[in-house]
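Subject: Structure handover and findings

Hello,

Here is the structure I promised to pass on.

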Amino acid sequence: MRWSPDNSVVIVTWEYGGLSLWSVFGAQLICTLGGDFAYRSDGTKKDPLKINSMSWGAEGYHLWVISGFGSQNTEIESDLRSVVKQPSILLFQFIKSVLTVNPCMSNQEQVLLQGEDRLYLNCGEASQTQNPRSSSTHSEHKPSREKSPFADGGLESQGLSTLLGHRHWHVVQISSTYLESNWPIRFSAIDKLGQNIAVVGKFGFAHYSLLTKKWKLFGNITQEQNMIVTGGLAWWNDFMVLACYNINDRQEELRVYLRTSNLDNAFAHVTKAQAETLLLSVFQDMVIVFRADCSICLYSIERKSDGPNTTAGIQVLQEVSMSRYIPHPFLVVSVTLTSVSTENGITLKMPQQARGAESIMLNLAGQLIMMQRDRSGPQIREKDSNPNNQRKLLPFCPPVVLAQSVENVWTTCRANKQKRHLLEALWLSCGGAGMKVWLPLFPRDHRKPHSFLSQRIMLPFHINIYPLAVLFEDALVLGAVNDTLLYDSLYTRNNAREQLEVLFPFCVVERTSQIYLHHILRQLLVRNLGEQALLLAQSCATLPYFPHVLELMLHEVLEEEATSREPIPDPLLPTVAKFITEFPLFLQTVVHCARKTEYALWNYLFAAVGNPKDLFEECLMAQDLDTAASYLIILQNMEVPAVSRQHATLLFNTALEQGKWDLCRHMIRFLKAIGSGESETPPSTPTAQEPSSSGGFEFFRNRSISLSQSAENVPASKFSLQKTLSMPSGPSGKRWSKDSDCAENMYIDMMLWRHARRLLEDVRLKDLGCFAAQLGFELISWLCKERTRAARVDNFVIALKRLHKDFLWPLPIIPASSISSPFKNGKYRTVGEQLLKSQSADPFLNLEMDAGISNIQRSQSWLSNIGPTHHEIDTASSHGPQMQDAFLSPLSNKGDECSIGSATDLTESSSMVDGDWTMVDENFSTLSLTQSELEHISMELASKGPHKSQVQLRYLLHIFMEAGCLDWCIVIGLILRESSIINQILVITQSSEVDGEMLQNIKTGLHAVDRWASTDCPGYKPFLNIIKPQLQKLSEITEEQVQPDAFQPITMGKTPEQTSPRAEESRGSSSHGSIPQGEVGSSNMVSRKEEDTAQAEEEEPFQDGTYDCSVS
């Protein structure tokens, strides 16, 4: 056994090999009898390292060892055995916590480790640490073969980002100039901001700024060599306070140096001391020192400005002799001033005074002694009556022993009304006995406490790490642990020297942390202090890991009691369960605990917390569906399949209603597993919602036809109205096609059909699209079945209004300026009609073409990108039999960078922010349009809804067209205000067997829309006037029941079955990618016919805000 030079650890070896390191009171820091120390990477056991002799180096940074192997070597070859047995000298390097030599750092929250020539701290970059909180560290010696360890971070008052978020230690290399004559480092200290560090070597001291990355040394080396720091050093604001011995004057001194001035005795404030100072600590504006004559002296420190120089003044406040209580001065481990008091009444009556220096804490060889100020005598009245006595401090009471086997003490003087329990507590590290906290007990609502009740309580608890710092508000303990890395696989066993080197694994020092709050809450509940536990827990409820705290407490109590072999007379689990119900996280806590516990313990758990069926129903009532899904897995294991199916159906329907598609997919799999007897492999708990599920439809995930394809590349047979659509090609498509005759699939399909029917009845087309896209629901085949039932539009006006609302589509308005519009008097036609009518040298069209509109496929005309073959239908129906086909020939592009007419592929990944209309092209600056024309164009753009809505509406139009739901096609055509859609419906009615009842319904609905437009929405009248000829033809069809072939247009080059869906599909593809001017051009179907009536539309603000349109 060998104690370290600072007497903080002991190294122990055994006769048959092995090495271990222990703290003073039995906390094991290192042991080579297990883990990587004892086993090779292939799992074979190593021979233990036998140590014949060992000795610590200076300050405990090195351990020198003479080693040899024992005689029981069996795995090493015989020719190596004699070589390995020869004595070898090994050198182990260590780093240690600053608290082992400078315990005054315990009032900080930063972890600071010191080596012989470098420092490790966990506060990250100094620029990130701008708050006064730091992290005190006290790591005992940690072996480090190489000091490049993993991380400790730093912690701010507002959060844990600085102290816990950093994954690497901040390593500060000590100045080599200072180390040349002052190796090794004896003391170190860091300021509260974590921005400055001071170190003390053999003589003098130096300090370093983490902001500037520069060291500051004594300019006069004689002054540096003339002082020996004896009692440690501490930071007070920008000053360093240290106790030293002046060699020349043979005098003990207390010195204060300013950080910003040159390091020189001329700028120091020096106070002579009567005896050697052994310990020093700073509390607020006071300095406390413990001297070799067993006396304690209190000084006040204040900032002074003497002309250009700033110094600090020190005055003696009080001296206390401790010689009666301390047998030898070297037995005192630490001394500090604290604001801790046994009387919480003082805190309530005089909060400012209570957080002042109330007591002295003195660690005498492991006994923690407290001396409080005496407030019982007549000196209080004298002090209050005589103002001159205000500087005179109260005397101290006789000492009281608080605890035994104390290695370190943490306390803070910060005040926080919300977390008084944690900030006014005293935290103790007791070696092998774990930790203790001296916790204050506060009455509820500031009522007067009972005199017979204690106002503080000492609570012991165990943690799995050696504590180096306590984060008070954050209920965390920080530490550092040795992590080992084996590298014996890099070597062969042929060389004895290599074998000896790899016998001991590579060690790195890593930061670690642990939550302790659940231990304290449990100890309070055990002592029937549930009210105090509730106050403490409520003060910490905002911590990000508070749910984990409750879960840990429930889990530990459950594991102990449910696995106990002896009957428990007073079980704690019901108390813990009742305590957790006080928090809204109760349901999640219970189910998370159950999922991480063995199934055998579930009955014991739910006997205390309640029936899982009741908890499941509570989750549904609270709309917490993800937690309900977790309870479903509990029910699946504890109840019969019928109960699981019943609750799963409830959850599935609720998830469908709320649009939680990820959960819906899990529930479908869960229900299928129950039906197929695979319930022993329950689905995993659904994770967070997919980010895409709340946005637009994921239309094309399982579609067999890509709408971004060119219409020419798709076979005509794909688009026959009567065809049965092919099954989706995605994974969910396989699900629907597989086992379609299974009863379980039918059960799921019935629920999906019921939900789709409900959506259609409520005119929720947007939700219907999301539902079909997310769950792979075969919408077209279902709509074909429901064409005359749920998929029938009962009230066109209500449907139109609902679509305007759901898709944020503005209602059209007739602008007052439309009477004088140039489009009215025939000077210009609308953009759409100009494009359709001819290739004449129309000014606007030619300007647009000259701008270099890029085409997606140069073999097609620009118009055919919008809707191939639609211009034929359009001209046929609107201009009668005297018309000719108008095709626009592609012009050579002047610049492909102009994106105004281009259309991108319509895929899931391409998405545009709603209403993000922009017109960008330098060539447009030459447009010679009048103000009224520009207003008309901008209003034409503003009359449309968001781009995403347009894509969705066109896709739904395509779906309804394929399913033959012509009445819904009419409604969507009305909201898009495209006469081409009405024309297309007309063509379909002529060429296919369309139900007469549906035609009558369409006719009735359009008349109702016309009446509504006349009274409430005159903006629709221009468009309704455009389609009047089509309405008349529709009336003729419905009344006379004439064969649809009679009305086939003369110039139709292809059969209508081929025409309509292809056109719709291609239109969808162009509208998705088009932007602003593309909305004038590419999607001119939307408004070209209503412009023909010279009724320009006004901008109307959408529900989400206004979409500005600008033409440059």
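The notes below go from the whole chain down to single residues.

**Ground rules**

This is a predicted model: local features need pLDDT of at least 70, side-chain atom pairs count only at pLDDT 80 or more, and totals for chains, interfaces and linings use all residues. Residues are numbered from 1 along each chain as its sequence is written, and side-chain values use heavy atoms, with hydrogens and water left out.

**Whole chain**

The protein chain has 38 helices and 34 strands. Both are DSSP runs numbered from the N terminus: helices are H or I with at least four residues, strands are E with at least two. Of the 1112 residues, 57% are buried. Buried means under 20% relative accessible area, exposed means over 50%, and partly exposed is in between (1.4 Å probe, protein chains only). The chain exposes about 46500 Å², and carbon and sulfur atoms supply 51% of that. These areas come from the Shrake-Rupley method with a 1.4 Å probe; for residues, only the protein chains shown count as cover. Take the contacts with a separation of 6 or more: residues 24 or more positions apart account for 68% of them. A contact means heavy atoms within 4.5 Å.

**Cores**

The largest nonpolar core has 216 residues. Helix α31 (residues 966-976) gives the largest share of this core, 9 residues. A second, separate core has 22 residues, including L298, V320, M322 and L337. A nonpolar core here is a set of buried Ala, Val, Leu, Ile, Met, Phe, Trp, Tyr and Cys residues joined through side-chain atoms within 4.5 Å. In soluble globular proteins, nonpolar side chains tend to be buried together.

Which residues have the most contacts inside the largest core? They are W427 and F579. Leaving aside residues up to four places away in sequence, W427 touches N408, V409, W410, L422, K436, V437, F461, V470, F472, Y516 and I520.

Helix α11 (residues 530-539) has Q532, A533, L534, L536, A537 and S539 buried. Its buried residues pack against α8 (420-423), β30 (435-440), α10 (517-526), α12 (546-562) and α13 (573-580).

**Strands**

Strands pair if DSSP finds at least two bridges between them. Strand β18 (residues 251-258) and β19 pair over 4 bridges.

Next along is a hairpin of β20 and β21, with 2 residues between the strands. The two pair in the antiparallel sense over 6 bridges. V282 stands opposite V287 in β21. Strand β20 (residues 277-283) is mostly covered, with 7 of its 7 residues buried.

**Aromatics**

A search of the whole structure finds 19 aromatic pairs. In F205 and F218 the ring centres are 5.6 Å apart and the planes are at 90 degrees, so this pair is edge-to-face. F205 lies in strand β14 (residues 205-209) and F218 in the loop between β15 (214-216) and α4 (221-225), so the pair ties together parts that are 13 residues apart in sequence. Both F205 and F218 are buried. W661, F771, F777 and W782 form one aromatic cluster. The rule: rings of Phe, Tyr and Trp (its six-membered ring) pair if their centres lie within 6.5 Å; planes under 30 degrees apart are stacked, over 60 edge-to-face, the rest tilted.

**Backbone points to check**

Most residues other than glycine have a negative phi, and most peptide bonds are trans. These are exceptions to look at.

- The W183 to P184 peptide bond is cis, with omega near -5 degrees. P184 is in the loop between α3 (176-182) and β12 (187-190).
- N7 has a positive phi of about 60 degrees. N7 sits in the loop between β1 (2-3) and β2 (9-13), and is exposed at 52% relative accessible area.
- R250 has a positive phi near 50 degrees. R250 lies in the loop between β17 (239-246) and β18, and is exposed at 69%.
- Q284, in the hairpin turn, has a positive phi of about 50 degrees.

Best wishes
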